[in-house]
Amino acid sequence: MKFPKLRARRLRRKEGIRRLVRETSLSHEDLICPVFVRYGEGVIEEIPSMPGVFRYSLDKVVDEVRKIRDLGIPAIILFGIPEHKDEVGSDTWNDEGIIQKALRLIKEAVPDIYVITDVCFCEYTTHGHCGVVKDGDVENDMTLENLKKQVVSHVKNGADMVAPSGMMDGMVRAIREALDESGFYHTPIMAYSAKFASAFYGPFREAAESTPAFGDRRTYQMDPANAREALKEILLDVEEGADIVMVKPALSYLDIIYRVREATLLPVCAYNVSGEYSMIKAAGRLGWIDEKKVMWEVLTSIKRAGADMIITYFAKDVAELINRGGI
Ligand code: PBG
C-alpha cells in the first residue's frame with residue numbers, strides 16, 4: 001500500500017495515539033544520579049561549570065541522598081574528593097577515606113538507595129592520572145593491585161556495586177577475583193568498558209579536581225574515532241566477568257551504544273557526561289534552547305539507541321518532571 005491510501009500522519013494526529021505508538025520512554029528506573037562528596041564541614045558548593053550540581057561535605061551528603069531517594073531515583077554513583085592526595089591515591093583503599101566514610105553514613109541513613117562507587121584514582125593522585133605512574137605513563141599491572149584493594153574496601157564499607165572507570169587492561173578480572181576472594185561474590189561490576197578520551201569530561205574534572213597534571217589520558221582511554229575497538233573492549237569485559245557494560249560519553253557515541261546493544265545480552269549503561277550537561281544548561285540559560293525539552297530529547301535518544309540505564313546530572317530534574325506529569 002502506498003500514498004494516498006497510506007498516510008503515516010494518522011498515527012500522529014492526537015496525543016492519545018502518539019502515546020500509544022511511542023517506542024521509547026523515560027522513567028525513574030532509567031536513572032543513576034552522580035553525587036560528589038568532599039571533605040570539610042557544612043559545605044554545599046555549586047560547581048561553577050555545572051550549574052545545579054553541588055559538592056557536599058560528609059555532614060551534608062545524607063540529606064542530598066535522601067532527596068534523591070524521595071524523588072524516586074533508584075541509584076546513585078559516588079565520586080569523592082579527598083583532603084590529601086598522594087602519588088598512588090591511597091585514600092581510595094583507606095577504610096577512613098572519603099568514600100568509605102560517605103558509604104557508611106549513606107547506608108545507615110538511606111539503606112534503600114542503591115549505591116554504586118566510581119572506582120578510579122584520578123581524584124586521589126597528586127598527578128591526576130588514573131593509576132600508578134611510572135616513566136610518565138600509567139603502569140597497568142601495578143594499578144590493578146591497587147584497584148583490588150580499593151574495591152574490597154568500598155564493598156566492605158557498604159557499596160552495592162563497583163564501577164571501575166580507569167580503562168586498565170584486565171581490571172574487571174582483577175576486581176572480580178578480589179571481590180570473590182573476599183566473599184563478595186554477590187557484588188556486581190559495572191565496567192566503564194568503552195570509555196573514550198573525551199573533551200566532554202572537562203567540567204567533571206573541575207568538579208572532581210581530577211585534571212591530569214601532565215599529558216592526557218590517551219594511553220588508556222579510547223580514541224573517539226574507533227567503533228570496532230569499542231566492541232572489542234566491551235567483549236573483553238564481558239569475558240572477564242562484567243555484569244553491566246558502559247559506554248561513555250553518550251551523546252556523541254549513540255552509534256556505539258547501538259552496536260553494543262546488539263553485541264551483548266548484558267544490560268548497557270550510558271554515561272551522559274558533564275560536558276553534555278553543561279552545554280544544555282549554558283544554552284538554556286542564554287535562552288537559546290528550551291533546556292527541559294532538549295534534556296528530555298537527549299536522554300530519550302540515549303535510551304532509543306539501546307541504553308538500559310543512564311548516569312546523568314539531569315537525574316533529579318528528570319524525576320521531578322516525571323513526578324509533575326512529564327514533559
Ligand atoms: C574518572 C572519571 C571521569 C569521569 C567519570 N569518572 C573523568 C575522566 O575520565 O577524566 C567523567 C564524568 C563526566 O565528565 O561527567 N574517575
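**Chain and pockets**

Buried residues, meaning those under 20% relative accessible area (1.4 Å probe, protein chains only), account for 54% of the 327 residues in the chain. The model is predicted: local features need pLDDT of at least 70, side-chain atom pairs count only at pLDDT 80 or more, and totals for chains, interfaces and linings use all residues. Residues are numbered from 1 along each chain as its sequence is written, and side-chain values use heavy atoms, with hydrogens and water left out.

Overall build
- The chain has eleven helices and twelve strands, taken as DSSP runs (helices H or I, at least four residues; strands E, at least two) numbered from the N terminus.
- Among contacts (heavy atoms within 4.5 Å) between residues at least 6 apart in sequence, 74% join residues at least 24 apart.
- The C-alpha atoms fill a box of roughly 70 × 45 × 40 Å along the principal axes.

- A pocket is an open set of points on a 1 Å grid over the protein atoms alone, where a 1.4 Å probe fits, with protein on both sides within 12 Å along at least five of seven lines; lining residues have an atom within 4 Å of a point.

Second largest pocket
- The second largest pocket holds about 200 Å³ of space.
- Of its 15 lining residues, G52, V53, E64, Y313 and K316 lie nearest the centre.
- β1 (31-38), β3 (50-57), α9 (274-285) and α11 (315-323) each supply at least two lining residues.

Terms used
Points joined across faces, edges and corners; volume = space filled by probe spheres on them. Buried < 20%, exposed > 50% of the residue type's maximum accessible area, 1.4 Å probe, protein only.
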